[in-house]
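Here is a short briefing on two chains and how they meet. Keep the sequence and the 3D view open as you read.

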Amino acid sequence: MLLELLISAMLLVGSFFLLVGSIGLGRLPDCFMRLHGPTKSTTLGVGGMLLAAVLSSIPDGLSLRETLIALFLFITAPVSAFLVGQAALRRRLPSRAPLPEDFQDLRH
Amino acid sequence: MTKLCPFPMLSMALASAWRLLEGFSPLHLASACLFAIIIPFVIAPLLGGLPGIRSVPGAIRLAGHVVWDIVIANITVARLVLGPVSRLRPAFVKVPVTVTHPSVISLFMSMISITPGSIPLELSPDARTMLVHVLDLEDEEAFIAKIKERYERPLMEILEC
């Protein structure tokens, strides 16, 4: 009973942050700001889901496999954010924040 | 021993990851050991020498900080995203980089990326400055001081670089 409540709470928390990430992706005005939504919120969103999965495995022997998924996610999320950001910089996408001058000459 | 196992930490991490994935039978233990020895050899040229860990408790404390910051970052970003967009103050910030080891720089950038409202986007060619996009910047000096104090200094203390 308590376990079930915990699992549901984790699922709700996880889906809330996933939803917020997607809302951010749609709502924020420029590419650089949009990056923040998915890279941040999805880590905790997916983290919550995986925690729920770990908790639900307790009755038939704890499974920690899900922690590996979380680990891989934390390792790869910054890389994809970095690559999208690099592409946005190189394509000179419009940005609400002014780009510092010495980084403007880096664009080729 | 160092020749057979050039990166003991990496080997241990690989073996435990494999055991978590595949379960705990003797056969899996054997394959885990095999992979833990072979994979570091294959990727050693890509790693170019990893810095050693000087303080394991320090590393655990830093990992705890990062996990805590991920939670805070999510709540912060959720609040910013759901609040009025016109009130956000996005900015590019140039952050001076003190660490020099390539692996440590990439670790530092990854840590900035998953923590409150900031994403590193570019490293200058001399690797002394990085460009960080901040979703809502209040005080540039304070922001730079905070990430250097919270992530870079512990990294320099924990790793031999």
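The points below cover one chain, then the contact between chains, then one helix pair. The model is predicted. Chain A has four helices and zero strands. In chain B, 28 residues are in contact with 34 residues of chain A.

**Chain A**
- Along the sequence, chain A reads α-α-α-α.
- Its C-alpha atoms fill a box of roughly 60 × 25 × 15 Å along the principal axes.
- The radius of gyration of chain A is 18 Å, whereas a compact globule of 108 residues would be near 13 Å.
- Of the 108 residues in chain A, 29% count as buried.
- Take the contacts in chain A between residues at least 6 apart in sequence: 63% of them join residues at least 24 apart.

**Where chain B touches chain A**
- Contact links 28 residues of chain B with 34 of chain A.
- On the chain B side, α1, α3, β1, α4, β2 and β3 each supply at least two residues.
- The largest share, eight residues, comes from α3(B).
- This side of chain B has 21 nonpolar, five polar and two charged residues.

- Helix α3 of chain A (residues 65-90) packs with helix α4 of chain B (residues 102-113).
- Their axes are 9 Å apart, at an angle of about 90°.
- An angle of 65 to 115 degrees counts as roughly perpendicular, so α3(A) and α4(B) are roughly perpendicular to each other.
- Pro78(A), Ala81(A) and Phe82(A) meet Met109(B), Ser110(B) and Ser113(B).

Terms used. Residues are numbered from 1 along each chain as its sequence is written. Chains are lettered from A and ligands numbered from 1 in the order in which they are written. This is a predicted model: local features need pLDDT of at least 70, side-chain atom pairs count only at pLDDT 80 or more; totals for chains, interfaces and linings use all residues. Axes are lines fitted to C-alpha atoms, for helices over the stretch in contact, and angles run from 0 to 180 degrees between N-to-C directions. Angles under 35 degrees count as roughly parallel, over 145 as roughly antiparallel, 65 to 115 as roughly perpendicular and the rest as oblique. Two residues are in contact if their C-beta atoms, placed from the backbone, lie within 7 Å. Ala, Val, Leu, Ile, Met, Phe, Trp, Tyr, Cys and Pro count as nonpolar, Asp, Glu, Lys and Arg as charged, and the others, Gly among them, as polar. The radius of gyration is taken over C-alpha atoms; the globule rule is 2.2 Å times the number of residues to the power 0.38. A residue is buried if 20 or more other C-beta atoms lie within 10 Å of its own, exposed if 12 or fewer, and partly exposed in between; C-beta atoms are placed from the backbone.
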